[in-house]
Amino acid sequence: MTTDHSYFTRGHSIKVAKDTDQSELVALRLGTSRAASGVEDDSIAGTLEENYNIDKALDEAGWQSRETSMDNASSQILDEINRRASALGDLYPFKIEGDIIHYEQSESLVYEFLLCTSLSPSLTKGAYRHFPRKFERVATLLTANFLGPNTKYCHVGYPNEKKRFKRAVGEAIEQSKELAWQPDEGLPDEGPRSGDEGVDYILWKEFECGRPIGQPFFFGQCACGNDWDSKLNDVSDRFFKWLSRIKVPPSKVFAVPFVIPDSKLREVTREAGIVMDRLRLVKAISTGTHYDAEHWKTKLSETLSLVTMT
C-alpha cells in the first residue's frame, strides 16, 4: 500500500503556495518574474535550505547547497503554478516559459484582486481597509454564482451598507420569508450596535413554488488575514440568538483569498464547511449571473493598485 505523506507536509505546501503568490506578485508588478523570485526573502534570511529540504518521499536528509535549494524551490513553485493554470484555464492570468512567469491581465481582475488581498501589508489601516470590505462583497456574489439559479443573497458583515446588524439581516428576513427576527430573552430588540455574530453573508436557494419552508441556507464567513485558519468555526449557533431557528440547519461557507493546498483543504473543509478559496472563487466567475465582472472591474483595479504600486 502506498503511503500518503501529504498530511505531514501540509505546512510546507502552504509555504510553497505563499512563495508562489510572491512570484505571481512580482510578475504582476513587472510583467515577468522568475519562479524563484518568491523565495528571495528566504535566501536573504538564510532560511532557504531549511524551508526547501522536504521532497515527496520524505527520505532526503536535506539539500547540500544553496543552489540545489533554489532549484528545488523554483521547481516546486512552477509545479504549483501549473496546478493553478490547470484548475483555471483561461481564467488564470499567468503563463510560463521555462522558469519565467509572464503576466497577462485577466478580463475580470478577480484573480489579481484576490492575490493582492492575500498579500496586502495591512487590512485595517488607511485605504488598505477596503480589501476585506470588497472581498466580502465579491465572495458573496461569487458564492451565489457557484450555487446557481434561484440563489438569493445579502451581505451582513460589519461594516455593511445597512449600518446595523438588524437592518442588514432584515433583507434576508424579508426576501426569504423563512428567517424571522426573534432575539433570545434579555436581548435588545434593536440587535447589536456593531459586529455580525460571525456571519458575513447569507445565501439561500428558493424553490419558487410559493412555499418558503425548508429552503437551503448558507452562512458565509470571510477571512483575509494570515490568521485565517483561526476563524474556521466563526459561524456558530450564536447567530441564532437573534433569529428563530430555520427548518433545515444552514450549511457553512468559508471564503478566503488564498490558495489552500489539497493537504490542508481536507482539514479546513472538515471544520469550516464549504470552502471557497481563490481558485474556486475565480472559477465561479463564469458559472452564474450574480457577479457582474464589468461593474466590479474598476472597483477592483482601484484597490489592487495599492499593492502593485508599492
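The secondary structure of the protein chain, in what is a predicted model, comes to 10 helices and 8 strands. Of its 310 residues, 48% count as buried, and among contacts between residues at least 6 apart in sequence, 65% join residues at least 24 apart.

Let me turn to the sheets, beginning with the one built from 3 strands. It is an open sheet in the order S1-S3-S2, with antiparallel pairing. Strand S1, residues 32–34, and strand S2, residues 94–97, stand at the edges with a single partner strand each, so one side of each is left without a neighbour in the sheet. Neighbouring strands here are turned against each other by 25° on average, if direction is ignored. S1 is joined to strand S3, residues 100–103, by 3 bridges, the two running antiparallel, and within that pairing the bridge partner of Thr-32 in S3 is His-102. Helix H1, residues 10–30, lies across S1, S2 and S3, and runs at about 150° to S1.

Is Ser-33 buried or exposed? Its relative accessibility is 6%, and since the cut-off for buried is under 20%, Ser-33 counts as buried. The side chain of Ser-33 reaches the backbone oxygen of Ser-23 at 2.9 Å. Leaving aside residues up to four places away in sequence, Ser-33 touches Ser-23, Val-26 and Ala-27, and also Asp-99, Ile-100 and Ile-101.

Now to the aromatic residues, where the structure holds 16 pairs. In one of them, the rings of Tyr-92 and Tyr-111 have their centres 5.3 Å apart and their planes at 90°, so this pair is edge-to-face. Tyr-92 lies in the loop between helix H4, residues 66–88, and S2, while Tyr-111 lies in helix H5, residues 110–118, so the pair ties together parts that are 19 residues apart in sequence. Both of these tyrosines, Tyr-92 and Tyr-111, are buried. For Phe-94 and Tyr-103, the ring centres are 5.5 Å apart and the planes stand at 45°, so that pair is tilted; Phe-94 and Tyr-103 are both buried as well. Tyr-111 also has a charged residue over its face, since Arg-278 lies there at 5.1 Å from the ring centre. Elsewhere, Lys-299 lies over the face of Trp-296, at 4.9 Å from the ring centre. Finally on this topic, one aromatic cluster is formed by Phe-165, Trp-181, Phe-219, Phe-239, Phe-240 and Trp-242.

That leaves the sheet of 5 strands, which is open, has the order S4-S5-S6-S7-S8, and is mixed in its pairing. At its edges stand strand S4, residues 151–155, and strand S8, residues 274–276, each with a single partner strand, so one side of each is left without a neighbour in the sheet. From one strand to the next, the twist averages 20°. Strand S6, residues 217–222, and strand S7, residues 251–255, run parallel and are joined by 5 bridges; the bridge partner of Phe-218 in S7 is Ser-251.

Which helices lie across strands of this sheet? Helix H6, residues 130–147, lies across S4, strand S5 (201–205), S6, S7 and S8, and runs at about 15° to S5. Helix H8, residues 262–272, lies across S7 and S8, running at about 135° to S7.

Methods
Residues are numbered from 1 along each chain as its sequence is written. This is a predicted model: local features need pLDDT of at least 70, side-chain atom pairs count only at pLDDT 80 or more; totals for chains, interfaces and linings use all residues. Side-chain values use heavy atoms; hydrogens and water are left out. Two strands pair if DSSP finds at least two bridges between them. Helices (H or I, at least four residues) and strands (E, at least two) are DSSP runs, numbered from the N terminus. Axes are lines fitted to C-alpha atoms, for helices over the stretch in contact, and angles run from 0 to 180 degrees between N-to-C directions. Contact means heavy atoms within 4.5 Å. Buried means under 20% relative accessible area, exposed over 50%, partly exposed in between (1.4 Å probe, protein chains only). A polar contact is a pair of N or O atoms within 3.5 Å; within protein, one must be able to donate a hydrogen and the other to accept it, and residues adjacent in sequence count only if both atoms are side-chain atoms. Rings of Phe, Tyr and Trp (its six-membered ring) pair if their centres lie within 6.5 Å; planes under 30 degrees apart count as stacked, over 60 as edge-to-face and the rest as tilted. A charge sits over a ring if NZ of Lys or CZ of Arg is within 6 Å of the ring centre and within 35 degrees of the ring normal.
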